[in-house]
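Open the structure in your viewer and keep the selection tool at hand. Each stop below gives something to select and then says what is there.

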Amino acid sequence: MSQQRIALVTGANRGLGFEISRQLGSLGIKVYMGSRDELKGLDAARRIQEEGHDALFIQLDVNDHASIDKAVEHIYDQHKRLDILVNNAGIFLDKTVPGLKVGLDTIRETMETNAYAPLLLSQAVIPIMRISGYGRIVNMSSGLGQLSEMGGGFTAYRISKTALNTITRVLTAETAGTNILINTMDPGWVHTDMGGKEAPRTPEEGAATAVWLATLPDDGPRGKFFRDNRPIPW
Ligand SMILES: NC(=O)c1ccc[n+]([C@@H]2O[C@H](COP(=O)([O-])OP(=O)(O)OC[C@H]3O[C@@H](n4cnc5c(N)ncnc54)[C@H](OP(=O)(O)O)[C@@H]3O)[C@@H](O)[C@H]2O)c1
């Protein structure tokens with residue numbers, strides 16, 4: 001790598017986003033750690049800086065279009081590039097509500113964060129990636145969004161992650177022939193605030209596929225759904 005790569009990770013103040021940032025930093029990548037809360041974001045970035053990595057807090061509420069534009073513009077102004085986007089920020093509001101009961105407000109809110117925000121972020125960064133001729137976008141989906149494995153419950157969350165997979169495919173088609181590789185992934189069931197204490201996987205394990213997809217070689221895959229670095233059915 002002749003130039004230091006520049007990455008933006010959303011929801012980086014805790015959980016998988018924090019660990020993805022740590023691992024990208026350990027590869028020598030400059031990581032902008034998006035956090036909607038300034039104090040939490042600054043603290044998270046400080047912890048990664050203390051490990052000797054190049055991490056910076058950037059204010060980013062992914063539900064706020066102006067916040068997205070401001071964060072992306074700031075990075076572009078600093079570097080004239082943005083090489084890697086990890087759409088990690090997510091919410092899971094209907095863990096215990098059945099599909100027959102889930103409210104439209106819950107679905108709308110979940111869609112805003114889990115699907116519309118990654119689309120808006122992609123719309124903001126892809127023009128920059130086109131100019132530099134390089135881009136990697138990782139969409140943090142879930143096995144709960146897999147149509148081939150679809151079951152009951154978790155309706156809002158499932159719809160949002162299936163939509164995120166659709167966005168991955170649509171934008172992949174629209175970036176055909178470029179060096180912008182967009183993929184989606186399932187980290188498995190990971191021990192974070194969202195995954196809970198019973199989850200069998202560590203954040204390190206959950207983050208590994210994201211880091212692999214964020215650093216794919218130019219002839220790497222595009223428009224695929226992965227778990228543990230292997231393609232899985234939609
Ligand atoms: N854990 C699992 O088992 C699992 C499995 C499959 C997929 N995933 C996916 O992996 C991703 C990360 O999950 P996680 O387990 O690390 O969850 P987590 O521990 O709950 O962390 C979620 C992160 O997203 C951020 N976030 C939520 N809404 C935001 C907003 N509007 N703007 C900016 N940041 C926002 C949170 O920030 P605050 O601290 O400000 O709330 C937090 O940093 C999610 O997309 C999730 O759906 C997780």
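**Stop 1: the ligand**

Select the ligand first. The space that the ligand takes up is the largest pocket. Keep in mind throughout the tour that this is a predicted model.

Now show the residues around the ligand. How many residues are around the ligand, and which come nearest? There are 29 of them, and Arg14, Asn88, Tyr157, Val190 and Thr192 come nearest. Colour this shell by class to see 11 nonpolar, 12 polar and six charged residues.

**Stop 2**

A polar backbone atom of valine 62 is 3.0 Å from a nitrogen atom of the ligand. Next, select lysine 161. Here a side chain takes part: one of the polar side-chain atoms of lysine 161 lies 3.0 Å from an oxygen atom of the ligand. Then select glycine 188, where a polar backbone atom is 3.5 Å from an oxygen atom of the ligand. The ligand on its own has 900 Å² of accessible area, and the protein covers 95% of that.

**Stop 3**

Select threonine 168, which is in helix H5. Is threonine 168 buried or exposed? Its relative accessible area is 0%, so threonine 168 is buried. The side chains of threonine 168 and asparagine 139 are joined by a polar contact of 2.9 Å.

Move on to serine 141, in the loop that runs between strand E5 (135–140) and H5. Serine 141 counts as buried because its relative accessibility is 3%. Which side chain does the side chain of serine 141 contact? Select asparagine 165: its side chain makes a polar contact of 3.0 Å with the side chain of serine 141.

Strand E5 itself holds arginine 136. With a relative accessible area of 0%, arginine 136 is buried too. Select arginine 22 along with arginine 136 and draw a line between their C-alpha atoms. The two residues are 114 residues apart in sequence and 17 Å apart in space.

**Stop 4: two loops with a positive phi**

Select lysine 80, found in the loop between helix H3 (65–79) and strand E4 (84–87). Lysine 80 has a positive phi of about 60°, although it is not a glycine. Lysine 80 counts as partly exposed because its relative accessibility is 48%.

Now select asparagine 229, in the loop between strand E7 (225–227) and strand E8 (230–231). What is the phi of asparagine 229? It is positive, at about 65°, although asparagine 229 is not a glycine. The relative accessible area of asparagine 229 is 34%, so this residue is partly exposed.

**Stop 5: helix H6**

Show helix H6, residues 203–214, and select valine 211 within it. Valine 211 has a relative accessible area of 8%, which means that it is buried: the cut-off for buried is under 20%. From C-alpha to C-alpha, valine 211 and methionine 111 are 25 Å apart in space, and they are 100 residues apart in sequence.

Helix H6 also contains alanine 208. Is alanine 208 buried or partly exposed? At a relative accessible area of 36%, alanine 208 is partly exposed.

**Stop 6**

For the last stop, select leucine 27, in the loop between H1 and strand E2 (30–35). Leucine 27 is partly exposed, with a relative accessible area of 47%. Then select arginine 158. How far apart are the C-alpha atoms of leucine 27 and arginine 158? They are separated by 32 Å, and the two residues are 131 residues apart along the chain.

Technical notes. Residues are numbered from 1 along each chain as its sequence is written. This is a predicted model: local features need pLDDT of at least 70, side-chain atom pairs count only at pLDDT 80 or more; totals for chains, interfaces and linings use all residues. Side-chain values use heavy atoms; hydrogens and water are left out. A residue is near a molecule or strand if one of its heavy atoms lies within 4 Å of it. A polar contact is a pair of N or O atoms within 3.5 Å; within protein, one must be able to donate a hydrogen and the other to accept it, and residues adjacent in sequence count only if both atoms are side-chain atoms. Accessible areas come from the Shrake-Rupley method with a 1.4 Å probe; for residues, only the protein chains shown count as cover. On a 1 Å grid over the protein atoms alone, a cavity is a set of points where a 1.4 Å probe fits but cannot get out, and a pocket is an open set with protein on both sides within 12 Å along at least five of seven lines; lining residues have an atom within 4 Å of a point. A molecule sits in a cavity or pocket if more than half of its atoms lie within 2 Å of its grid points. Ala, Val, Leu, Ile, Met, Phe, Trp, Tyr, Cys and Pro count as nonpolar, Asp, Glu, Lys and Arg as charged, and the others, Gly among them, as polar. Helices (H or I, at least four residues) and strands (E, at least two) are DSSP runs, numbered from the N terminus. Buried means under 20% relative accessible area, exposed over 50%, partly exposed in between (1.4 Å probe, protein chains only).
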